[in-house]
Amino acid sequence: MNDRKELIKLKCDMLVNGVRLNELRNDLTESQGWEKERAVNFLPAEIKIGNDVFVQVRENPDANFRIRISGKDLVIENKVNDVISSGEFVSLPPFSKSYTNDLTPFEKIVVYNGICNLNFTWNYYCDYFRTGTECRFCNLTPAQDFYPEENISNARKTASQVADVIEKAKKYHTDPKSILTRGTPPDKQGLGGTVQILEELSKRFPYKNDRERTKLLMTISPTKNISDVKLLHDLGLHSVSFNFEVFDKGYWKAIVPGKDENIGRDLWEASLIDAVKHFGQGRVFTAMIAGLEPAKTLLEGVHWCCDRGIIPIIVPFSPETGSQFEGFRSPTYKWMFDTHYRAAEIISEKLPFINTSDYWKYDAPICAECFTGGFLFDIIRENAGLKEPHSCCELSHEVIGMNIPESNV
Ligand code: SF4
């Protein structure tokens, strides 16, 4: 299959229903000479399917599709063993084994999304877990118990560690994209260490105009002081996402009680609107999770955002281990695809700059290729006829074969 529209549908299915990996593990042992133990524990984080579509791997033994090795190639097969698409593991960028100036390995500071994005989690502590008001879908703090071998700890990344990684990435791409997120700190107020990070970035990478700002998207909570929105911009932040998660006000109270109690819905909305005044259209986002509320209210949220110049990032619901929704199911593939498709149409119609290659090339801090857990931007770009590979931001030109150890797993 090489039709990009069909491959985006395949991505949707793989995100909603997962993918089978057991046969792949057998193939790795039998045809690639892997030790059994290594193969059994093998879990790729992401995979590239045909036509430059990148998708997060969510294992499910009952999934519709499976990853296999056929001859020398990685392929995606359906339930009756037909090959549906080619596949490739995603390589880590060439600098991934580097160290920061304080001799911390990069792998303790950053993970990579797709082939173009540096993803920093400032810390894994969110005080809403302590007060029992955590967002019901979130597993940020409990993830430390479930994935002890992963790079997940409460240790905060310092401003210079973050800047060291970006500085190195800039040797491989003139304009690398980064996302930084964090949990809510114990005092639940203020911008915390985000200020130091922005000061360090501005010092290290001075800019003369908005286009030269270090391409960093912060996905954080607004504070109680709305003037902090302008402060973020004044400190040099490129773009910001204050995530609604759910739009309907009743669901908001039930599903994100900490956000509701501490910041409140009115201030959340006002902060988003204010952000557009400072950052401009195309640089203000809010994530909304598809599958936690009716399509009708979700799409009302999409309209609300677009009417105010805010880009909604629709994320398909994936029940996380350790969250209060652990064990739940996503909506059906059809619901998910149709809802995303409608959202994409609304965004393209109301925010036409999103249909231009200039936006994805020069301005967007995220793109279809690094948003591997969602497919909204794949649809928007496909419908707009945008064909440039990787939104023009690729940290590594290598896409590795299965024998190369440095894979993004
Ligand atoms: S604010 Fe909500 S989504 Fe963010 S880390 Fe805390 S519980 Fe998770």
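Visitor: Domain bounds come from an automatic or database domain assignment; into which domains is the chain divided here?
Guide: This is a predicted model, and its chain is described in terms of two stretches of residues. The division gives domain 1 (4-89) and domain 2 (106-392).

Visitor: How far apart do the C-alpha centres of domain 1 and domain 2 lie?
Guide: The two domains are in contact, with 17 residues taken from domain 1 and 16 residues from domain 2. Their C-alpha centres, however, are separated by 27 Å.

Visitor: Which element gives the most to the side of domain 1 that touches domain 2?
Guide: On that side of domain 1, the elements that give two or more residues are H1 and strand E2 (53-56). The side as a whole has seven nonpolar, two polar and eight charged residues. The element that gives the most, with 10 residues, is H1.

Visitor: Which residues of H13 make the contact with H1?
Guide: The crossing of these two helices, H1 and H13, is right-handed. From H1, the contact draws on Lys9, Cys12, Asp13, Val16 and Asn17. On the side of H13, the residues are Tyr333, Met336 and Phe337.

Visitor: How many charged residues does the shell around the ligand have?
Guide: Among the residues that surround the ligand are Cys126, Tyr128, Glu134 and Gly258. Sorted by class, the shell has five nonpolar and three polar residues, and the number of charged residues is one.

Methods:
Residues are numbered from 1 along each chain as its sequence is written. This is a predicted model: local features need pLDDT of at least 70, side-chain atom pairs count only at pLDDT 80 or more; totals for chains, interfaces and linings use all residues. A residue is near a molecule or strand if its C-beta atom, placed from the backbone, lies within 6 Å of it. Ala, Val, Leu, Ile, Met, Phe, Trp, Tyr, Cys and Pro count as nonpolar, Asp, Glu, Lys and Arg as charged, and the others, Gly among them, as polar. A crossing is left-handed if the near helix is turned anticlockwise from the far one by less than a right angle, and right-handed if clockwise. Helices (H or I, at least four residues) and strands (E, at least two) are DSSP runs, numbered from the N terminus. Two residues are in contact if their C-beta atoms, placed from the backbone, lie within 7 Å. Domain bounds come from an automatic or database domain assignment.
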